[in-house]
Amino acid sequence: MFALTEKNRSIAQLLLNTGTCPRCVFRFCCVGLEASYRHPYKDLLRELHEFLEYNKEKEDRFCCEIADPPCKRIRLENMGEGAEDLNQNGALQQTPVADDVNVAMANSTLKVCNVCLGILQEFCETDFVKKVCQKVNSAEYQFTSFVFSVSLPPQLSVREHAAWLLVKEEMGKQGLSLAKEDIVQLKETYKWIIHPLFSEELGVPADGKSLFEVSVVFAHPETDEDCHFLARVCPDCFKPAKNKQSVFTRMAIIKALDKIKEEDFREHFPCPPSSPKNICAALEIQCTNGAIFVAGRYNKYSRNLPQTPWIIDGERKLESSVEELISEHLMTAFKADSFNFSSSGREDVDVRTLGSGRPFAIELVNPHRIHFTAMEMKELQQKINNSSDKIKVRDLQLVTREAIGHMKEGEEEKTKTYSALIWTDKAIQKEDIALLDDMKELKIDQKTPLRVLHRRPLAVRSRVIHTMKSEYIDDHHFRLHLKTQAGTYIKEFVHGDFGRTKPNIGFLLKRTADILELDVESVDVDWPPTLND
Amino acid sequence: MAAAVTPGVTERYFTRWYKPDVKGNLCEDHCILQHSNRICVITLAEAHPLLQNGKTIKSINYQISANCSRLQNKVSGKSKRGAQFLTELAPLCRISCSDGEEYTIYSCIRGRLMEVNENILDNPAILQEKPSTEGYIAVVLPKFEESKTITQGLLTPKEYEEVLLKRFNSTS
Ligand SMILES: [Zn+2]
């Protein structure tokens, strides 16, 4: 049962004497059995004192601890009640020794560990677990597992290093050595202990791949200055970084500890590390759920509605947008913090999107609700559609992050069909525009349109107008149905953009042409899958 | 006199600004079309001598000095690296006519040169046929923070009309 053996005795004694907690003692004695750390703290402390302070003559017994676990547990539980019980057990023979243990225990129970600063002490207790779980439960997240992440104060690495030097020195006296990477890591140990406790309290398993993350940030202001000497000794490890508040990052400290000579370290930092007054503080307890992705297709029926919020010089030009009309309902339903909208191409504010609509996907960041049935998704779609006549959504569904790639895949190769209302300066006859119908796979060269040149690189792009079908309206108006390669700027193909798109409709008809209205008739992307209504 | 004003694209998205008698040369008026996105298109104003009846353009030259050609202007990336910087009085090109006259066209606004119109090299006639669309001279991108101030010294269409009227009255 008890994890230490005789060969650990001197190290355990040394660490305990210098103010190190039993779990940290185990770590430096390379105890790899997870269960050993999970025993209640008081039991571990008692067992450690027992191991060290008496039965020294019974070395063999400790070597084969594991043979007798339940018996030991009972013995310990009864310990406080009376010495006669202990005698019954047969393991303990002298009551005065038991008193010694109690006195020693009382001294070290409250002591804050000089290596873990309380992480493997109070922060492994159910009180703390309950406090964290209360916070988790009050946030009303839907989750089926969790991953626990912990951020420890960086100075713990310095203290760990000091303790390691101490232990290494002691082992050296016995002709033994201890590699730093053989010490069981504090974070790992902490998770061994805390995972089962969280799991029980939350009622779901711990899973390293879980999308639901519970994170705790620990700080220990009292010892924040522990690492400062490193910057003086190894200045090149601590370069100020733009996005970091302090140069004392975990990585920088580990790098410096790796580099620093033992004598330099010992000169600046006590080995063993001094005992602190206070335990760490849990600064932040946060929950985040992995993003959820929703996809669908939208129609846009308004010529006054931009796809995304239209803001110039910090001022809103139009009150709404396609992305907002869809996302506000999703944000409410999924109780998300924020969203990211993406789509297969986009249309201008004055362009309608008809037909089966344009594929879109929305990432919902940190959603509290994540489980939706197909029926509930359909209801959500209905809710969006009932709330505005400017847009309509179909095929609304939950998708994976990976699937969104299909929406952008081969965007260049896809075709789009449009309907344009065109005006000409000189009068037209049906015959004048019929020539457009005969043009197949017309290759055009488009310079980046002037209207987007301020934010896009200047380039000449080759595009193909696959087919055109003209519909005569009157002397100066006709409708043109076009099937084009995706990425073609239709407005510029019609009016020519100062002759920067060549050829253009004006050029082909030998007159000035202008576009009055444009509709997207279809976006030929077969994702997301069509749903039956 | 002036070419018929074409409605449509130019009027919908661009604001017209005029600079009369550029560099003190009588009637050599320029017209700057500024898009709502701050991009400026430099064109000839209707009253410019080059657009008057009987003028024939012989050649257009973007080589404005021994070591500076506007044709060598290349911009790259979203930020348009490598653009030539233009001040108000930076020459864009020189246009010579069959009557022996030569005219210099100036930027009129501060900004970075995006492109010059190479189409008018092969077909100078479009400069005269469609001066405010296909016959433009150059495209200039003013600095974001100067996009409002660069047109301060220029005339609105209404103010320009008054200049034209005065000019007409003094010559007749
Ligand atoms: Zn500890």
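## A partly exposed cysteine in chain B

B:Cys27 is partly exposed, with a relative accessible area of 23%; the classes are buried for under 20% relative accessible area, exposed for over 50%, and partly exposed in between, computed with a 1.4 Å probe on protein chains only. The phi angle of B:Cys27 is near 70 degrees, a positive value in a residue other than glycine. B:Cys27 sits in the loop between β1 (14-19) and β2 (30-35) of chain B. Helices (H or I, at least four residues) and strands (E, at least two) are DSSP runs, numbered from the N terminus.

## Basis of the model

This is a predicted model, in which local features need pLDDT of at least 70 and side-chain atom pairs count only at pLDDT 80 or more, while totals for chains, interfaces and linings use all residues. Residues are numbered from 1 along each chain as its sequence is written, chains are lettered from A and ligands numbered from 1 in the order in which they are written, and side-chain values use heavy atoms, with hydrogens and water left out.

## The interface between chains B and A

Chain B contributes 29 residues to the contact and chain A contributes 21 residues, where contact means heavy atoms within 4.5 Å. The area buried between the two chains is about 2,000 Å², and carbon and sulfur atoms give 58% of it; buried area is the accessible area (1.4 Å probe) that two parts lose on being put together, summed over both. On the chain B side, B:Val9, B:Asn37 and B:Glu115 lose the most area to chain A, together 21% of what that side buries.

Three salt bridges are found across the interface of chain B and chain A, a salt bridge being a side-chain nitrogen of Lys or Arg within 4 Å of a carboxyl oxygen of Asp or Glu. B:Arg12 forms a salt bridge with A:Asp514, with the closest N and O atoms 2.7 Å apart. Nine residue pairs, both at pLDDT 80 or more, are in polar contact between chain B and chain A. A polar contact is a pair of N or O atoms within 3.5 Å; within protein, one must be able to donate a hydrogen and the other to accept it, and residues adjacent in sequence count only if both atoms are side-chain atoms. The elements giving two or more residues to the side of chain B that touches chain A are α1 (9-13), β2, β10 (111-116) and β11 (138-141) of chain B. The largest share of that side, four residues, comes from α1(B).

## Strand pairing

In chain B, six strands form an open sheet in the order β1-β2-β3-β11-β10-β7, with antiparallel pairing; two strands pair if DSSP finds at least two bridges between them. The edge strands are β1 and β7 (85-86) of chain B, each of which pairs on one side only. Strand β3 (residues 40-44) of chain B is joined to β11(B) by three bridges, and the two run antiparallel. B:Cys40 stands opposite B:Val140 in β11(B).

In chain A, strand β11 (residues 442-447) has a covered face made of A:Leu442, A:Ile444 and A:Gln446, and an uncovered one made of A:Lys443, A:Asp445 and A:Lys447. β11(A) pairs with strand β12 (residues 460-474) of chain A in the antiparallel sense over six bridges, and the bridge partner of A:Asp445 in β12(A) is A:Ser462. β11(A) also pairs with β14(A) in the antiparallel sense, over two bridges; there A:Gln446 stands opposite A:Thr501.

## Buried residues of chain A

A:Thr484 is found in strand β13 (residues 477-485) of chain A and counts as buried, at 0% relative accessibility. Beyond its neighbours within four places in sequence, A:Thr484 is in contact with residues including A:Lys414, A:Tyr418, A:Val464 and A:Ile490.

A:Lys491, in helix α20 of chain A, counts as buried at 9% relative accessibility. The side chain of A:Lys491 makes a polar contact with the side chain of A:Asp348 (2.9 Å). A:Asp497 is found in the loop between α20 (490-495) and β14 of chain A. A:Asp497 is buried at 4% relative accessibility and has a positive phi of about 50 degrees although it is not a glycine.

## Cis peptide bonds

A cis peptide bond joins A:Lys502 and A:Pro503, with omega about -15 degrees. A:Pro503 is in the loop between β14 (501-502) and α21 (505-509) of chain A. Another cis peptide bond joins A:Trp527 and A:Pro528, with omega about 0 degrees, and A:Pro528 lies in the segment after β15 (513-523) of chain A.
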